[in-house]
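The following exercises are to be worked with the sequence and the coordinates at hand. Each task is followed by a stepwise solution.

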Amino acid sequence: MSGFRLLDIVKFFLPLLPEVEFPDEQISFDERVVFTIASGILFLFGQLPIYGLVANAQFKIEDPFFNFRSIFAMEKGTLLELGLLPVITSAFLWQLAAGLRLINVNLGLRSDRELYQTGQKLTSFVLSFVYAAGFIYSGYFDSAIRGYDPISDSTPYGWYVFIFVQISTWSIFVTLLIEIFDKGYAFGSGILCFLTLQTATRFIAEFLGIEIYPVANSNKSESYGAFINFTRNLSFNLNSLASNVLNSFSRLNLPNLTQFYVTLLSILAVIYFQNCRIELPIRSTKVRGMNNVYPIRLLYTGALPILFAYTILINLQIFGYFVYVTLQNTKTSSFIISLLAKFKLDSYSNNLGLTSGFLYYFTNSTSLFNTLLSPIRTVVYASTVIVLSSWFADKWSYMSGSAPKDISKTFKEQGISISGKRDISITKELGRVIPVAAVSGAFILAALAISGDLLGGLGKGASAVIGVSSAFGVLEEFMMEYQQTGGNSQFTQAFGGL
Amino acid sequence: MSSSSAQAPGGLRSAVKRKTTADKKAQSGNALPLSTRSAGAGGSSSTMMKLFTEEAQGLRVDPLVVLFLAVGFIFSVIILHVFAKITGKFT
């Protein structure tokens, strides 16, 4: 072992970090349902507007991250401003670093595992401070702070502190809520459960939301839900009909129907692909005539490859934006800045859209028209997502504990063998199927997410892909637990007749 | 069979080949686990992203305490909003 390890830094913070206790006894099925629902509702409460911003701040904030925010549950102008981004980023950082042996950690040791886990938590806290400070530094909230005029007033440090405390504290709470899930108090993994919840609630709200909001920089107002807005504007005046239909499919300030259809199609496609699998015939080595099948799913790594690809992209965008603002503040020559990025404010939606520069090539487009107009960006963006997710799927299928080697080990323990194959060649046989399934599954999902993006889904398609396949994972765990309780649950007895 | 170069029935013919396969086997057997799940503990599986599955030292809190603190935080923000509304009415 070398003299210095990254984990030793973590040790210093160990007594300071909150740690959810492990359950003393087996958590009952009912308790897990209650914990799941309670934490889910609490998570959604995070959509409370930040104190210190003006009313309807989400339309006034000039938003450079609108392309990807829906994937990470980043709600503009609310406590969930950072969403799940810090946790997801830190999780991928640590788990890939361990899996690719970039850090010195022996996960076979319990003490190292504890430090490794605390390291993930610490990183997620630190990242949320960094993001929150970066957002404030870059003047992200400036156009929405209550009673503050960026031109005439001095810097509103008081409000900055208020905003920083609110979003970073809520980010810490989200991390702890995720820990409640992961420690076995609730179903599934916290991150995926929250992503599913967010996607599901957003999907309905964006279709049927009846709130009416004023359109920025105009005297009109529109409904939140895409469908409600469409029907509200429906008239039999032929002149306005065409423009109203076009508007409900292409508006960017509020959800539009294109995003809805992209989401819907992605959901259906993922449900279809979820059922694709290869069934390897297995037999028992102990009992004669015991035959069964061992399914290997096409989506072997689920939605994690897509999530990884988008995590990289959004971090690139966020830190790129921070660098962009820093360069501007330090009065660097505008040529260098324009190589990095060039933003243009859309006055209707207050989105800071990229128009050129390095960062531009790693964003999705707002409509099919824009996609066709900039083919280089389309190709670069699509290939980035596909390469990142395929690479991740390949690595992840080997290091997630469901690698061919691990499965053949469990086969051996349980006295199972693949029919017509010798015990030794099980690993080889599985190694022929699993990586291929993982990579092609990730490729299909990435292609699905990208095609949604190219049609103007603005990450909604990708978030639907992630949400649905996560929901399947959570549901699987739920059903397994349910069957093990043998229907011995108060909830089943109460709702059984429904 | 005391000599290491003795040929096992059905095994590889040359001693060099036998040594490399034995080395490979030893290496893969002694390799450190790549993730917490392959180490035999809980953690991320192929489709699930799990972070906190180990009982670590630290400031122990009950999950209910976390939930109540989160509710408390939400309420404090709501109260700030309400105060802002009320004071805004009078000034």
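The exercises treat one chain, its interface and one residue.

This is a predicted model, in which local features need pLDDT of at least 70, side-chain atom pairs count only at pLDDT 80 or more, and totals for chains, interfaces and linings use all residues. Residues are numbered from 1 along each chain as its sequence is written, while chains are lettered from A and ligands numbered from 1 in the order in which they are written.

**Exercise 1.** Determine the secondary structure of chain B.

Step 1. Take helices (H or I, at least four residues) and strands (E, at least two) as DSSP runs, numbered from the N terminus. Chain B then has two helices and one strand.

Step 2. Along the sequence, these elements of chain B follow the pattern α-β-α.

**Exercise 2.** Describe the side of chain B that touches chain A.

Step 1. With contact defined as C-beta atoms, placed from the backbone, within 7 Å, 41 residues of chain B are in contact with 59 residues of chain A.

Step 2. On this side of chain B, β1 (59-61) and α2 (63-90) each supply at least two residues; α2(B) gives the most, with 12 residues.

**Exercise 3.** Why is A:F478 classed as partly exposed?

Step 1. Locate A:F478 in helix α16 (residues 460-485) of chain A.

Step 2. A residue is buried with 20 or more other C-beta atoms within 10 Å of its own, exposed with 12 or fewer, and partly exposed in between. A:F478 is partly exposed because 17 other C-beta atoms lie within 10 Å.

Key: Contact = placed C-beta atoms within 7 Å.
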